[in-house]
2 protein chains.
Amino acid sequence: MSTTKKGKKIDIQMQTRLEARARIIKALAHPTRLFMVEELSQKERCVSELTEMIGSDVSTVSKHLSVLKNAGIVQDQKKGSQVYYILRMPCIRNFLVTFKSVYMV
Amino acid sequence: MSTTKKGKKIDIQMQTRLEARARIIKALAHPTRLFMVEELSQKERCVSELTEMIGSDVSTVSKHLSVLKNAGIVQDQKKGSQVYYILRMPCIRNFLVTFKSVYMV
DNA sequence: TGGTTATTTGGTAAGATAGCCAAATAGCCA
DNA sequence: TGGCTATTTGGCTATCTTACCAAATAACCA
């Protein structure tokens, strides 16, 4: 019969959506980048400010920012010789709040 | 003066919490594991059912499940010769719902 | 223009991840 | 017990990730 409880196989569209979600989640999956997202959800920060807070090499910080930018999570804006970053989707704060309430970490 | 707008450096406790969050998020950061979490938030499934849906080698599926288990996201329960998995924190559904509403993917 | 600061990019080495196959383990039942 | 099914684990390889340093690029200002 056709009304069993068997789960459906993953189809192409589902696979595509899962990959899109995973790509974004993967961009969040690093302590430094989580910190950046939290910080940038409060106020914009330039690379050197973030570098000072984080304490890694500035090139490392810059690369983390580009990971977030490529995932569409933050955006940058040049101001003179500095580059300021800010959350592109402010509603991601809800996401993190939910996350913290779920996991209590 | 001491009332500048400088951001604070990350302290040890903050670092520890960021790492804990990143560890959990990293466990979610794979299309197959996202699928598992969604599926297991609906109903429990055994390894062979998931394998059938996912279409990878059963050893690959088993390893993905152990990643989720080690992160505390799912738990397993033996029933005869089969191992059933289920979401350990059902509230993670909210997390995914929020995520999807934020990112629309 | 030349020097200085801010940021990004290239290169590279160490470590982590993901997939498959093969082998080990566990439970079932004839 | 022996054979079967379900699952996990070990081994291996290819690929990705991260961190740092060095070098390239961009903007400013003296």
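I first looked up helix H4 (residues 58-70) of chain B, which lies across S2 and S3 of chain B at about 120° to S2(B). Axes are lines fitted to C-alpha atoms, for helices over the stretch in contact (heavy atoms within 4.5 Å), and angles run from 0 to 180 degrees between N-to-C directions. Helices (H or I, at least four residues) and strands (E, at least two) are DSSP runs, numbered from the N terminus.

I noted that this is a predicted model, in which local features need pLDDT of at least 70, side-chain atom pairs count only at pLDDT 80 or more, and totals for chains, interfaces and linings use all residues. Residues are numbered from 1 along each chain as written, chains are lettered from A and ligands numbered from 1 in written order, and side-chain values use heavy atoms, without hydrogens and water.

I then read the open sheet of chain B, whose 3 strands have the order S1-S3-S2 with antiparallel pairing (at least two DSSP bridges between two strands). Its edge strands are S1 (45-46) and S2 (74-79), each pairing on one side only. I found B:Arg45 bridged to B:Tyr85 in S3(B).

I turned to DNA strand D, which has 23 residues around it (a heavy atom within 4 Å). B:Tyr85 is among those that come nearest, as is B:Lys63. For A:Thr60, I recorded 3.0 Å from a side-chain N or O atom to a phosphate oxygen of DNA strand D.

Conventions
A polar contact is a pair of N or O atoms within 3.5 Å; within protein, one must be able to donate a hydrogen and the other to accept it, and residues adjacent in sequence count only if both atoms are side-chain atoms.
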